[in-house]
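Dear colleague,

Please find below the structure that I am handing over to you.

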Amino acid sequence: MPHHDERLRGLEDRLGSDRPERTGAPGRDAQRGKRPISTWLWLTVGTAGLVSGIVIGHGLLIAAGLVVAGMAGQLLDPQRRAQRNSAPRPR
């Protein structure tokens with residue numbers, strides 16, 4: 001078993017060195033919880049498509065509006081955003 005422990009320690013050291021060191025305070029955007037403008041734009045487009053589809057009575061437009069609004073809603077979720085930022089990126 002000592003052989004495996006050494007290999008695990010070596011992997012742990014390599015993985016630890018891949019992580020960027022965080023220094024200083026987080027940026028202004030992180031402090032305020034700002035979302036990118038593109039996210040709000042997609043939410044607006046999705047909602048407009050949904051409302052237009054309801055008014056016109058076009059099922060495909062309703063479905064597209066729901067999909068786009070749902071995707072934008074996922075981008076606005078703060079817990080998902082924090083989880084995505086903390087996950088290590090695959091190589």
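**Findings**

From the N terminus on, the elements of the chain run α-α-α-α-α. The secondary structure thus listed comes to five helices and zero strands; helices (H or I, at least four residues) and strands (E, at least two) are DSSP runs, numbered from the N terminus. Please note that this is a predicted model, in which local features need pLDDT of at least 70 and side-chain atom pairs count only at pLDDT 80 or more, while totals for chains, interfaces and linings use all residues. Residues are numbered from 1 along each chain as its sequence is written, and side-chain values use heavy atoms, with hydrogens and water left out.

Regarding the chain as a whole, buried residues (under 20% relative accessible area, with exposed over 50% and partly exposed in between; 1.4 Å probe, protein chains only) make up 11% of its 91 residues. The chain exposes about 8,100 Å², an area that comes from the Shrake-Rupley method with a 1.4 Å probe, and carbon and sulfur atoms supply 60% of it. Of the contacts (heavy atoms within 4.5 Å) between residues at least 6 apart in sequence, 49% join residues at least 24 apart.

I turn next to one pair of helices. The axes of helix 3 (residues 37-56) and helix 4 (residues 59-76) come within 7 Å and cross at roughly 155°; axes are lines fitted to C-alpha atoms, for helices over the stretch in contact, and angles run from 0 to 180 degrees between N-to-C directions. Helix 3 and helix 4 are therefore roughly antiparallel to each other, a term for angles over 145 degrees. Residues of helix 3 that meet helix 4 include Trp40, Trp42, Gly46 and Leu50, and among their counterparts in helix 4 are Leu61, Ile62, Gly65 and Val68. By class, this contact of helix 3 with helix 4 has 14 nonpolar, seven polar and no charged residues; Ala, Val, Leu, Ile, Met, Phe, Trp, Tyr, Cys and Pro count as nonpolar, Asp, Glu, Lys and Arg as charged, and the others, Gly among them, as polar.

Thr39 lies in helix 3 and, at 4% relative accessibility, counts as buried. Leaving out residues up to four places away in sequence, Thr39 touches Ala72, Leu75 and Leu76. Leu43, also placed in helix 3, counts as partly exposed at 22% relative accessibility. Beyond its neighbours within four places in sequence, Leu43 is in contact with Ala69, Ala72 and Leu76. Leu43 and Ala72 are 29 residues apart in sequence and 5.1 Å apart in space, C-alpha to C-alpha.

With kind regards

Technical notes
Parallel < 35°, antiparallel > 145°, perpendicular 65-115°, else oblique.
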